[in-house]
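Visitor: I am new to this structure. Please show it to me, then let me ask about it.

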Amino acid sequence: MKLAPRLAVLLAALVVTACAPQTSDNSSSDTDEQSGTLRVWLFQEVNNKPKEEVVDSVLADFQKAHKDTKVTVEYIPVETRAQRMKAAFNDPKSAPDVIEYGNTDTAGYVKDGGLAEVTKDFTSWSEAKDTDPTARQSVTVDGKIYGAPYFVGVRALYYRTDIFKDLGLEVPKTMAELATTAREIRAAEPNLYGLVVGGAYTYGAMPFIWAGGGEIATGKGGSYASAIDSAAAQKGIKAYTSLFSDDNCPAAKCAGMGGNDTITAFAAGQAGMAIGGDFSYTAVEAGKVKGKYAVVPLPGVKAGEIAPAFAGGNNIGVLKSTSHRTLAVDLMKRMASKKTQEELFGAMGFLPTFTDVRQQVAAEQPYVKPFVDTLAADTKFVPASPAWAQIDSSLVLPTMFQEVISGKKDVATASKDAATKMNDAFGSAG
């Protein structure tokens with residue numbers, strides 16, 4: 001990230017996605033000013049306005065409580081966070097005080113000295129007791145806490161009910177049926193993608209690898225080795241990249257797409273199916289397909305199976321370099337509070353990290369069920385290593401997919417080259 005009442009599945013291992021620099025001169029500020037301007041960086045969503053409205057409300061209350069303060073917010077593209085955070089870690093004077101970050105970023109940001117430890121602040125916070133244990137793990141490194149969970153997320157299959165009805169199609173029950181159905185839609189409606197996919201959509205591709213028994217990497221305790229070139233993983237890579245074809249999603253248009261691009265296309269009525277998250281719901285509802293779609297878990301290899309999904313989500317953290325630590329921690333808590341998370345669910349569909357709040361919203365909104373079912377079935381994580389920051393930000397997996405899609409390399413060669421790059425990163429992480 002960025003969903004289940006019993007989410008014994010979430011971010012336990014996700015500790016580092018986007019990424020920080022390999023080295024950093026970031027250090028704690030010697031001051032703790034009680035007034036002035038705080039800078040906040042949050043991620044920009046496909047449809048960002050509802051999120052902005054929730055955040056603005058939080059900031060208004062914060063500034064009422066701290067009358068000599070001002071808060072400025074910048075919404076940054078998720079895809080550029082690695083570069084932005086690298087610059088922030090290396091230049092504390094221009095860095096924000098509070099950031100939103102992917103729960104796969106935690107270990108990398110901690111290793112690079114970017115995040116402030118907030119263990120005492122978090123554990124003394126009255127609402128923290130209701131945080132899902134796995135969500136809490138996503139902000140924990142070596143027993144210390146470096147932020148507050150913000151929301152959790154998982155992906156499922158969005159499909160056009162009107163198109164399925166018109167074409168007499170059944171909802172796919174296996175991955176093979178998914179591919180066949182996608183091509184049937186494209187054949188009948190040449191102006192539509194069957195299943196819109198993206199060559200830069202790492203977390204949309206991973207279920208294809210995991211469904212057949214493949215893994216991204218194996219290991220634990222910070223010691224990992226790539227498994228992306230295993231026979232099972234290669235089979236999943238082939239299944240995913242085969243969807244980049246003129247009879248489904250032409251490579252010329254789809255190879256460069258990321259996750260947001262695929263959801264934007266689906267919401268605009270340009271695709272019969274898409275792999276999207278609970279966090280995509282608001283954007284889809286605001287699009288042309290409102291009232292003409294449904295969501296089911298992404299099917300696995302066999303009928304009745306749910307493909308393992310990446311369990312993600314985002315956190316809110318305080319930068320170690322802030323000169324407003326007390327104020328920044330208070331703002332962190334307000335932005336990640338029960339009230340805010342409930343409002344974010346209503347505005348964006350982000351599932352809360354508090355078990356009681358999540359159970360409440362899931363009971364009120366039926367659309368949450370496919371995502372809850374996906375989390376309950378099985379979820380996977382990226383390697384719990386700071387190396388994932390380097391792997392993710394250097395686009396190792398998207399490059400692999402795109403090399404296969406373009407025909408530049410076959411699956412075996414591309415996956416072997418990707419494995420080499422991953423192992424170099426794991427080795428350098430120590």
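Visitor: Is helix α18 (residues 396–406) largely enclosed or largely open, and why?

Guide: This is a predicted model, where local features need pLDDT of at least 70, side-chain atom pairs count only at pLDDT 80 or more, and totals for chains, interfaces and linings use all residues. Residues are numbered from 1 along each chain as its sequence is written, and side-chain values use heavy atoms, with hydrogens and water left out. Helices (H or I, at least four residues) and strands (E, at least two) are DSSP runs, numbered from the N terminus. Eight of the 11 residues of α18 are buried, so the rest of the structure leaves this helix largely enclosed.

Visitor: What do the buried residues of α18 pack against?

Guide: Buried means under 20% relative accessible area, exposed over 50%, partly exposed in between (1.4 Å probe, protein chains only). Among the buried residues of α18 are Leu 397, Met 400 and Phe 401. Contact means heavy atoms within 4.5 Å. The partners are α8 (202–211), α9 (231–241), α10 (251–254), α17 (387–393) and α19.

Visitor: Which residue follows α18, and what is its phi?

Guide: The helix gives way to Gly 407. Its phi is positive, near 85°.

Visitor: In the largest nonpolar core, which residues touch the most other members?

Guide: A nonpolar core is a set of buried Ala, Val, Leu, Ile, Met, Phe, Trp, Tyr and Cys residues joined through side-chain atoms within 4.5 Å. The largest one has 136 residues. Its largest share, eight residues, comes from helix α19 (residues 411–429). The residues touching the most other members are Ile 228 and Met 422.

Visitor: What is the strand order in the open sheet of four strands?

Guide: Two strands pair if DSSP finds at least two bridges between them. The pairing here is mixed. The edge strands, β8 (193–196) and β12 (293–296), each pair on one side only. The order is β8-β11-β7-β12.

Visitor: Which residue is the bridge partner of Tyr 193 in β11?

Guide: β8 and β11 (residues 271–277) run parallel, paired over three bridges. The partner of Tyr 193 is Ala 271.
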